[in-house]
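Okay everyone, thanks for coming. Have a look at the structure on the screen, and I'll talk you through its pockets, its cores and a couple of residues.

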Amino acid sequence: MKAEYLSHVGAVRANNEDAVYCDSKNGVFIVADGVGGKEAGEIASATAVRIVAEATWASQPEDEPAVLLREAFYRANDLLHRKGHEAGRDGMGTTLTAAICSEEKITIVHVGDSRAYLLRGEEITQLTEDHTLVAHLVRDGKISPEEAVDHPRKNILIRAIGQEALVEVNTVESPWEKGDYLLLCSDGLYNLISEQEMLELTMRSTLLSTAVQYMAETAYKRGGYDNISVILVAHD
């Protein structure tokens, strides 16, 4: 498989609190979006990504990807929750979306509102579930998906790595076929570029790097209000 990635500070933020990891050789891809005051968000996202990446480096062929990722998520949560009690790091935490791709299957473990999408043919499917207040209200039928788009509280997380002593993680498995694409991104991308645009830019671009660049540039030109991160993986 082949992969390209980009992480950009955006047009407004002073720091990039996103962190990404892209290992196409071993099929491991991670996106995290940190939260917290001062440098806490940067520390949280980078630390969580490092812990999960290190777990994959030490893995054995017989290890079950879902179990491996979940255990790494729990370790990251424990460490960040302890660090969150240190001075200047109140409220530190991070979203965390990690995927391990084999020849036949994608395994994703996920917390927060960074996303993973599967692009197949003329369809794009969101594989992850947003752990936000507004997404919860949509799932409960209290507001419509259209109302959620511009809701003033749409960025409030109800689940993140490091903010509680215990964290519930979601696990998703999906078939992974030749010709498919996997896209991981932070909300700085998908809040400013539609799913249909993601699909069209990917399918129209000869190079993965071109598609990634176009997506990030589009989000930037539309305001770039948040950090922008995207990983695009092709099953060739």
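Let's start with the second largest pocket: 16 residues line it, and nearest its centre are N26, V28, S59, L68 and I100. A pocket here is an open set of points on a 1 Å grid over the protein atoms alone, where a 1.4 Å probe fits and there is protein on both sides within 12 Å along at least five of seven lines; lining residues have an atom within 4 Å of a point. Helices (H or I, at least four residues) and strands (E, at least two) are DSSP runs, numbered from the N terminus.

Before I go on, this is a predicted model, where local features need pLDDT of at least 70 and side-chain atom pairs count only at pLDDT 80 or more, while totals for chains, interfaces and linings use all residues. Residues are numbered from 1 along each chain as its sequence is written, and side-chain values use heavy atoms, with hydrogens and water left out.

Back to that pocket. It holds about 300 Å³ of space, where a volume is the space filled by probe spheres set on the points, and grid points are joined across faces, edges and corners. Its lining has seven nonpolar, six polar and three charged residues. For the classes, Ala, Val, Leu, Ile, Met, Phe, Trp, Tyr, Cys and Pro are nonpolar, Asp, Glu, Lys and Arg are charged, and the others, Gly among them, are polar.

The largest pocket has a volume of about 480 Å³. It is lined by 23 residues, and R115, D130, V149, Y190 and N191 are the closest to its centre. Which helix gives the most to that lining? That's helix 3, with four residues. By class, the lining of the largest pocket has ten nonpolar, five polar and eight charged residues.

On to the largest nonpolar core, which has 29 residues; I30, V49, V52, F73, L96 and I161 have the most contacts inside it. Such a core is a set of buried Ala, Val, Leu, Ile, Met, Phe, Trp, Tyr and Cys residues joined through side-chain atoms within 4.5 Å. Helix 1 gives the most to this core, with nine residues. A second, separate core has 24 residues, including Y181, A211, M215 and I228.

Is T202 buried or exposed? T202 sits in helix 6, and it counts as buried because its relative accessible area is 2%. Leaving aside neighbours within four places in sequence, T202 is in contact (heavy atoms within 4.5 Å) with L119, Y181, A211, M215 and L232.

Last one: A165, in the loop between helix 4 and strand 9 (170–175). At 45% relative accessibility, A165 is partly exposed. Again setting aside neighbours within four places, A165 is in contact with N77, D78 and H81. A165 and R82 are 83 residues apart along the chain, yet their C-alpha atoms are separated by 8.5 Å.

How values were computed. Buried < 20%, exposed > 50% of the residue type's maximum accessible area, 1.4 Å probe, protein only.
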